[in-house]
Amino acid sequence: MSEIKKVRGFQDIYGENAKKYRYVVDTARDIFQLYNFSEIILPYVEDVSLFIRSVGEETDIVQKEMYVFEDRGGRKVALRPEGTASAVRAFIEERLYAKGGYHKLFYEGAMFRYERPQAGRYRQFHQIGAEIFGVDSPVSDAELIKMVRDILDALGIKARLEINTLGDFESRKEYVRVLKEYLKKVENSLCEDCRKRIDRNPLRVLDCKVETCREVIREAPVLIDFLSDKSLERFEKLKEYLNGLGVEYIFNPRLVRGLDYYTDTVFEFITDKIGAQGTVAAGGRYDTLVKQLGGPDTPALGFAAGIERLMLLVENLPIERKPVVVIPVVSEFNIDALKVAEKLREKGIKTEFVLKEGSLKSRMKLANKTGAEFVVFVSEKPELKDMETGEQEQFDNVENLIDVLVEKVV
Ligand code: ATP
Ligand code: MG
């Protein structure tokens with residue numbers, strides 16, 4: 001029979017990669033805890049209109065990347081392409097705002113986008129992310145950005161921070177008008193997608209990855225020249241706080257994000273080490289989104305980082321202890337050996353009991369495959385072998401052996 005393969009753009013994460021995945025997630029979780037964020041576990045499936053109304057009708061995500069289907073009850077649902085929309089929906093639906101104050105949430109898990117698969121780009125990928133609801137002060141922007149920097153530092157990942165401000169919707173209107181005019185003039189140099197974007201969503205052109213478009217964009221008018229004093233002041237404050245925290249940044253006046261909901265601050269952490277898929281973490285403020293989705297007027301901001309891209313940049317995993325391997329010399333000692341393994345595990349020692357029966361030689365081969373630190377041979381006169389030094393010691397009973405082993409390992 002023919003083998004069934006995984007679906008294009010999806011992947012199995014196992015072995016060293018699974019360890020890397022866990023290491024990235026655990027490290028991020030530690031930092032989230034340090035900043036006193038609480039976890040929110042969100043559903044993978046949402047009403048499709050949630051993403052249309054938040055991410056934006058004219059975005060690539062909604063236009064061409066979303067997994068949309070009808071469930072058996074005739075509901076039109078989507079596999080979530082990102083986490084913020086769900087977090088906002090939950091914030092409103094669960095009335096989190098009713099408690100007053102402000103709210104700091106983090107999440108982790110799979111996202112789905114129908115994109116062209118390549119290194120660092122999959123159809124199912126995974127993100128860690130965090131959101132802050134209910135604060136408009138730029139101290140919150142600074143703290144969120146610093147938290148992302150801390151996560152990257154903890155993982156030993158170097159990435160430059162680029163920041164920009166998109167201002168409020170009012171000041172953006174005039175810019176959009178001027179930008180449209182400019183883009184119409186250079187229309188012939190733009191890619192097909194961008195030509196369509198001129199009228200529907202001109203800001204998106206600034207985010208295009210096509211080289212010819214990028215050249216045109218370099219000459220385009222910049223948003224910052226059109227911003228209100230209030231937006232500019234806010235941005236100055238943020239920069240002050242980042243300076244105060246010693247967080248280095250590059251001001252990139254052309255940085256926009258691929259989603260519609262951002263206002264004021266946007267930022268990306270970028271590396272050149274993994275080719276075109278260089279953005280490892282990205283985020284910004286979205287002060288109007290909660291209201292737009294039917295909640296109370298609530299300023300908010302957040303970020304998300306792609307776990308697979310972080311994994312590509314993690315060089316050293318923490319060293320893991322090798323197991324102690326327990327081998328019954330002959331099958332008559334199976335029960336004794338199982339009990340030895342049990343006792344070692346009770347002491348918190350990572351233990352492999354060789355599960356396959358067979359000759360001592362074949363079991364020793366299996367022990368070697370697991371990369372044993374010590375091997376315990378269980379028989380009337382049990383023996384302990386140190387795999388590093390090759391030394392082997394015989395004992396009168398397993399109790400004595402375990403005592404000696406615990407001394408060495410714990
Ligand atoms: P890109 O410009 O690379 O497509 P994006 O702007 O679409 O990224 P966001 O929606 O801001 O990305 O998601 C945040 C992060 O999630 C990205 O910076 C990236 O690390 C990761 N990410 C996004 N799409 C994918 C994907 N298809 N596969 C793997 N990681 C992804
Ligand atoms: Mg994208």
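Me: Hi! Is Lys 343 buried, partly exposed or exposed?

Reply: Hello! Keep in mind that this is a predicted model. In it, Lys 343 has a relative accessible area of 36%. That makes Lys 343 partly exposed, because the label covers values between 20% and 50%.

Me: Which residue does Lys 343 form a salt bridge with?

Reply: With Glu 399, and the closest N and O atoms of the pair are 3.9 Å apart. Glu 399 is partly exposed too, at 43%.

Me: OK, how many salt bridges does the count come to?

Reply: The count is 33. One of them joins Arg 177 and Glu 174, with 2.9 Å from N to O. Both of these residues lie in helix α6 (residues 169-185), three residues apart, which is about one turn of the helix. Arg 177 has a relative accessible area of 44%, and Glu 174 has 36%.

Me: Let's switch to the ligand. How many residues surround ligand 1?

Reply: There are 16, and the closest are Arg 113, Glu 115, Arg 121, Lys 209 and Arg 257. Sorted by class, the shell has six nonpolar, four polar and six charged residues.

Me: Which strands supply at least two residues of that shell?

Reply: Those are β6 (124-133), β10 (279-285) and β11 (300-306). Strand β10 gives the most, with three residues.

Me: What lies 2.7 Å from the side chain of Arg 113?

Reply: An oxygen atom of ligand 1 is at that distance from an N or O atom in the Arg 113 side chain. A polar side-chain atom of Arg 257 lies 2.8 Å from a ligand oxygen. Gly 306 has a backbone N or O atom 3.2 Å from an oxygen of ligand 1.

Me: And how much of the ligand's accessible area does the protein cover?

Reply: The protein covers 92% of the 580 Å² that ligand 1 has on its own.

Me: Last topic: which residues form the nonpolar patch on the surface?

Reply: Tyr 44, Val 45 and Phe 69, with about 250 Å² of accessible area together. Tyr 44 sits in the loop between β1 (38-39) and β2 (45-47). At 37% relative accessibility, Tyr 44 counts as partly exposed.

Methods
Residues numbered from 1 in each chain as written. Chains lettered and ligands numbered in written order. Predicted model: local features only at pLDDT ≥ 70, side-chain atom pairs only at ≥ 80, totals over all residues. Heavy atoms only, no water. Near = heavy atom within 4 Å. Polar contact = N/O pair within 3.5 Å; in protein donor to acceptor, adjacent residues only side chain to side chain. Areas by Shrake-Rupley, 256 points an atom, 1.4 Å probe, with all protein chains shown as cover. Helix = DSSP H or I, 4+ residues; strand = E, 2+ residues; numbered from the N terminus. Nonpolar A, V, L, I, M, F, W, Y, C, P; charged D, E, K, R; others polar. Patch = residues over 30% accessible without salt bridge, like charges linked within 9 Å, V, L, I, M, F, W, Y side chains within 5 Å. Salt bridge = Lys/Arg side-chain N within 4 Å of Asp/Glu carboxyl O. Buried < 20%, exposed > 50% of the residue type's maximum accessible area, 1.4 Å probe, protein only.
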